[in-house]
Amino acid sequence: MCLLPTSPYLYSIGDISMEKRIYCPLLFSGVLFFFASQPGLYSQDFSPSVVSEADMVTIDDMVTIDVVPLPQHADRPLQRPSASRPKAAQSNRGEPQQSVSAPRQLPIPGQPARNLAAIGATPPAEEQFPSLLEFLPHRGPGGALVGEYIYTGESFTLAHGGMSRNHVTNYRGNLDLVLTLDMERAFGWTGGRFFLYGNNAHGNPISQSDVGDAQVFSNIDSTLTETERPHFTAVAEYWYEQSLYDDIIRFKIGKQDANADFAYSDLGGDFINSSFGLPPTIPMPTFPSQALGVASFLSLSERISVGFGIYDGTPAEGPQGVRWGFDTLGHNGAICLEQIEILSQFGPNGQLPQTLRLGFWQHTDNDQFQDFSTVPKQFSGNHGGWFTVDQMLWKEQYGTEDTQGLGAFAMYSWAPKDRNEIHSSFAAGFVYQGLLPWRDDDLFGVAAAVANFGQPFRQSEQAAGNNVGPREVATEVFYKCQVTDAMILQPELQYISNPSGLYKDALLAGVRFEVAL
């Protein structure tokens, strides 16, 4: 049996029958510190006193330019513009400065808590949200309560390889219902917000049954074991967030998705493969296994912030994702996360922003992590680290509000070989906004993710008769079309080399759509 205990989508491969088939008639066509110490890199002064008269007009224009590293769900009504979108010239802390030319993207399916607006930055009550069903309530009295309803559907065909001998086509759907309550507008409580997220997942996932990939080619595939949670309806998240001292300090408490705040890439979120959203070596609570926890964040300056989080350490296949989370709390240790985020800007007048994230994790459970040596034993805890970078490389029009251009991202993670099946991973890719001259808001992306299996794990599998290869490589190409403000269509291809180190190379073709209801 091949079990991946450190993957966020924990599942068993070896016990799945090769005869199982799923058919669907629908196919929808210190490095960081070195950088931080460089003179002027993170403390650029854009005031008129340090520039020439010839430059002053350009600098003034920059104050209104929102140069995001390509619009990873940019201009969402509840988007947080300050956490992962460095500005050419930040004005007041927490003040939203959204680009009027950025496309209206939708939340990441299963992760609506990522990129929320800064607390108190909710749009005016009279502003209308893009939606297909305008009769649905999206605003409460006074604009204090905001509702979002997003449906995501996708269909993929396994055209070649994997575990299956036949072509397999599936349909998978995900419905996200999100309510956000602004405590100041509702009760006069400054700096507070309550977040409630309900989720329904349905349809036929095929990673386990037919593809056999360890990294999980779809980020809405919620299957954790052969029989555990392929379909469910649950209160996925409920938490309270408080901001203090003009957003210098904030904390969150409740059932939450740790990947909304830790170990993610901004540009990676537009891809469908799970490894572009979360490195597979980190067993943090995330969709579909969110858990109770507490997280705090401190802004050391406009460009440097740190975050700390501690969450229930129950494994991903535990019941905490579809329950309130209290019945598993304290029974399986805890996972602790620490992260530093550094924002910087390069290029002409600082219009090419960069976001660096460096983090570490520790897990305290004594029973989850098995030694893969010839004399099996249980380790007391686990640990690892990660590094991500998002960089805008080129803009089509400098000195304007236009966000079209090319961005790149990279992710690396590590965990000890002796207790983790995937001991390291690397992902990198490019995203271009406005590749076609007449489609300014569309995105084109290409990326690859590598999951390296540890030698001790491979040796233990070979002793059991499974010849596991050294790595799995997933390559993805997509084109995300902004059909309307309320609808996105994303056709794509994925090629997975050596799924789980065991199976034939797999080719998948599919299409995803997202609709704001």
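Figure 1. Phe409 counts as buried, since its relative accessibility is 3% and the cut-off for burial is under 20%. The structure shown is a predicted model. The ring of Phe409 pairs with that of Phe271; the centres are 5.6 Å apart and the planes meet at 55°, so the pair is classed as tilted. This pair connects distant parts of the chain: Phe409 belongs to strand β11 (residues 405-414), whereas Phe271 lies in the loop between β5 (249-256) and β6 (291-299), with 138 residues separating the two.

Figure 2. In total, the structure holds 12 aromatic pairs. One of these is formed by Phe271 and Phe276, a tilted arrangement with 5.0 Å from centre to centre and 45° between the planes. Phe271 counts as buried at a relative accessibility of 1%, and Phe276 is likewise buried, with a relative accessible area of 0%. Together with Phe409 and Phe478, Phe271 and Phe276 make up one aromatic cluster.

Figure 3. Lys252 is located in strand β5 and is buried, its relative accessible area being 1%. The charged end of Lys252 is positioned over the ring of Trp239, at 4.2 Å from the ring centre. The side chain of Lys252 also makes a polar contact of 2.8 Å with the side chain of Asp261. When neighbours within four places in sequence are set aside, the residues in contact with Lys252 are Trp239, Tyr240, Glu241, Asp261, Gly293, Val294, Ala295 and Phe297. A further charge-over-ring arrangement involves Phe297: Arg250 lies over the face of this ring, 4.1 Å from the ring centre.

**Figure 4. Pairing of strands β2, β3 and β4.** Strand β2 (residues 168-182) and strand β3 (residues 192-203) run antiparallel and are joined by 11 bridges. Within this pairing, His202 of β3 stands opposite Gly173. Strand β3 is also joined to strand β4 (residues 232-244), again in the antiparallel sense, through 10 bridges. Here Gly192 has Gln242 of β4 as its bridge partner.

**Figure 5. Leu337 in the largest nonpolar core.** The largest nonpolar core comprises 14 residues, of which Phe262, Met284 and Leu337 touch the most other members. Strands β6 and β8 (334-346) are the elements that contribute two or more residues to this core. Not counting residues up to four places away in sequence, Leu337 touches Ala258, Phe262, Met284, Gly307, Phe308, Gly309, Tyr311, Phe360, Trp361 and Trp386.

**Figure 6. Strand β9 between its pairing partners.** Of the 12 residues of strand β9 (residues 352-363), 10 are buried, so this strand is largely enclosed by the rest of the structure. Strands β8 and β9 pair in the antiparallel sense over 12 bridges, and Gln345 stands opposite Pro353 of β9. The hairpin of β8 and β9 has 5 residues between the strands, and in this hairpin Gly347 adopts a positive phi near 75°.

Methods. Residues numbered from 1 in each chain as written. Predicted model: local features only at pLDDT ≥ 70, side-chain atom pairs only at ≥ 80, totals over all residues. Heavy atoms only, no water. Phe/Tyr/Trp six-rings, centres within 6.5 Å; stacked < 30°, edge-to-face > 60°. Buried < 20%, exposed > 50% of the residue type's maximum accessible area, 1.4 Å probe, protein only. Helix = DSSP H or I, 4+ residues; strand = E, 2+ residues; numbered from the N terminus. Lys NZ or Arg CZ within 6 Å of the ring centre and 35° of its normal. Pairing = 2+ DSSP bridges. Polar contact = N/O pair within 3.5 Å; in protein donor to acceptor, adjacent residues only side chain to side chain. Contact = heavy atoms within 4.5 Å. Core = buried A, V, L, I, M, F, W, Y, C linked by side-chain atoms within 4.5 Å.
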